[in-house]
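Here are my notes on the model you asked me to look over. Please read them with the structure open.

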Amino acid sequence: MTAVMWFRRDFRLEDNTALYNAIKNNNKILPIFNINPEQLSDIPTVNQDAFFASLLNFKKFLDSKGINLNIIYGDVKKCFAELKNKIPDLNCIYFNLDERGYGGKRDKDMISYFETNLKVNAHSYLDYNLHGINEVKKPDGNLYKMFTPYFKKWMTLKKPSPVECYIDSNQFINQNYFPKDEEKLTGLIDSNSITKNMSFGTAYAKKVLSDFINDGLSDYDKQRDFPSVEGTSRLSRFLRTGEISIRMIWQALLEQPDSDGRTTFMNELCWRDFYNMIYASHPNQNKVSIKSDFQNIKWSNNKEQFEAWKNGLTGFPIVDAAMRQLNQTGWMHNRLRMIVASFLTKDLLIDWRWGEQYFHERLIDYDSASNIGGWQWAASTGTDSVPYFRIFNPTTQSKRFDSKGLFIKKYVPELADVPTKFIHEPTKDGYLEDHELNYPKPIVSHKEARKWAIEVYKMSKNND
């Protein structure tokens, strides 16, 4: 009998729950990956490019181990029906479960399809998070809505340990059943994109983890907010594709001495589980504000200002540097994600969904639950979000977290020679005009924009 290992966002052989069980319970395993056109972007995006570049790297790695990853292109049901026709003795399928969003709906549907239509046993496992959506609950059995009590309960629960997968290439079926579909994969990757200079794979992800544990963990709580220093883990893109497991990271943390940095990083990992649970319990949060008070905010949605924000031309140096970092690298420092989201939704009064969609297109570490949760947090529309009257002052944030302007000067070269006195406010005392710098004046007055945003949010709350 034959089993299928359906890879999705778990591009690794190490500590892979579904693969571990497939190996343990079956003699012959066929690895597959389905490219479903329904999930592809209408336009090329950095997000998609990075994902498929990681997949191609994984396929090449498997090739080096004597294991062939079948790429199947097309509607997921039709693909598996065709696979069943090609392999009549296919009797079970293993995969790591998605709990929310498109993947969650697909998996519920596919489990029924496998077992009812194809007569194939479906074996699904929780693998992407430390705790599933129903594992962290209040004493009364309800789900948490606030992060802090969720975190306290989360920390008391035992975390799963890594599993060891013993790989024998002879256990895998190396026949390529869909040779023409392989060509579709390379066609989805832009050879001239940001990803061409990126490194991929579990070995590299483990090195990034080791470097962070050794050099950054103990001071993580102190350094993580400063974009000009390497104070964050940079593990998010590997978690997104599953090139490293969350359990491997957690195990590495447990082996380190207790510190404020370690606790703070554990807190960040908990946010992944929290937002995963929130998305599952609010499946429409990608389109609808969670807080009913703010369902009908009268957004300005000025398209010219949105373009200025996207291109890093707002006249606020920290905002512009952050957006240019995103556009040039496909990644943005977490503190800056909060700053630019607050600026877009509060200073410009532009719908948070516009910003979320742009991040969806540009981020190489895009995770729908975390990204949507973060945008709803910044826009004050989500669960446990920042109060609507708390609005980041971009200049104050800039002075506090990039005091010497080192990050600004790296990504906004027009300001490279500006003295520290003016780097956060180039228009101060007429400096910008006197020196004829090719840099825009602020597109809004933060002071006036803040007042208006508060009024708009108040009106939305009162009119609900």
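This is a predicted model: local features need pLDDT of at least 70, side-chain atom pairs count only at pLDDT 80 or more; totals for chains, interfaces and linings use all residues.

1. Local features were taken only where pLDDT is at least 70.

2. Helices α15 and α16. Helix α15 covers residues 352–362, and helix α16 covers residues 368–378. Their axes lie 10 Å apart, at an angle of about 150 degrees. Angles over 145 degrees count as roughly antiparallel, and α15 and α16 are therefore roughly antiparallel to each other. The crossing of α15 past α16 is right-handed.

3. The contact between them. On the α15 side, the contact is made by Trp352, Gly355, Glu356, Phe359 and His360. On the α16 side, Asn371, Ile372, Trp375 and Gln376 take part. By class, the contact of α15 with α16 has four nonpolar, four polar and one charged residue.

4. Helices α2 and α6. Here α6 is residues 179–187. The axes of α2 and α6 come within 9 Å and cross at roughly 135 degrees. The two helices are therefore oblique to each other. From α2, the residues in contact are Phe52, Leu55, Leu56 and Lys59. They meet Glu182, Leu185 and Thr186 of α6. The contact of α2 with α6 divides into four nonpolar, one polar and two charged residues.

5. The largest pocket. Its volume is about 1400 Å³. The lining has 42 residues. Nearest the centre of this pocket are Gln39, Tyr102, His360, Tyr366 and Ser368. His360 also belongs to the α15 side of the contact with α16. Which elements supply at least two residues each to the lining of the largest pocket? They are the strands β1 (2–7) and β2 (28–35) and the helices α2 (46–64), α4 (101–117), α15 and α16. By class, the lining splits into 14 nonpolar, 14 polar and 14 charged residues.

6. The second largest pocket. About 1200 Å³ of space lies here. Its lining is made of 41 residues. Glu268, Trp271, Asn334, Arg337 and Ser370 lie nearest the centre. At least two lining residues come from each of α9 (236–241), α11 (260–281), α14 (334–347) and α16. Which helix gives the most to this lining? That is α11, with eight residues. The lining of the second largest pocket holds 20 nonpolar, 10 polar and 11 charged residues.

7. Helix α16 in both pockets. Please look at this helix with both pockets displayed. α16 supplies at least two residues to the lining of the largest pocket. It supplies at least two to the lining of the second largest pocket as well.

8. The largest cavity. There are six cavities of 30 Å³ or more. The largest cavity has a volume of about 120 Å³. It is lined by 15 residues, and those closest to its centre are Arg9, Asp10, Asn96, Asp127 and Tyr128. Five of the lining residues are nonpolar, three are polar and seven are charged.

9. The second largest cavity. Its volume is about 60 Å³. Among its lining residues are Leu97, Asp98, Glu99, Leu126, Asn129, His131, Gly132 and Asn276. Arg9, Asp127 and Tyr128 line the second largest cavity too, and these three are also among the residues closest to the centre of the largest cavity. By class, the lining of the second largest cavity has three nonpolar, four polar and four charged residues.

Terms used
Residues are numbered from 1 along each chain as its sequence is written. Side-chain values use heavy atoms; hydrogens and water are left out. Axes are lines fitted to C-alpha atoms, for helices over the stretch in contact, and angles run from 0 to 180 degrees between N-to-C directions. Helices (H or I, at least four residues) and strands (E, at least two) are DSSP runs, numbered from the N terminus. Angles under 35 degrees count as roughly parallel, over 145 as roughly antiparallel, 65 to 115 as roughly perpendicular and the rest as oblique. A crossing is left-handed if the near helix is turned anticlockwise from the far one by less than a right angle, and right-handed if clockwise. Contact means heavy atoms within 4.5 Å. Ala, Val, Leu, Ile, Met, Phe, Trp, Tyr, Cys and Pro count as nonpolar, Asp, Glu, Lys and Arg as charged, and the others, Gly among them, as polar. On a 1 Å grid over the protein atoms alone, a cavity is a set of points where a 1.4 Å probe fits but cannot get out, and a pocket is an open set with protein on both sides within 12 Å along at least five of seven lines; lining residues have an atom within 4 Å of a point. Grid points are joined across faces, edges and corners, and a volume is the space filled by probe spheres set on the points.
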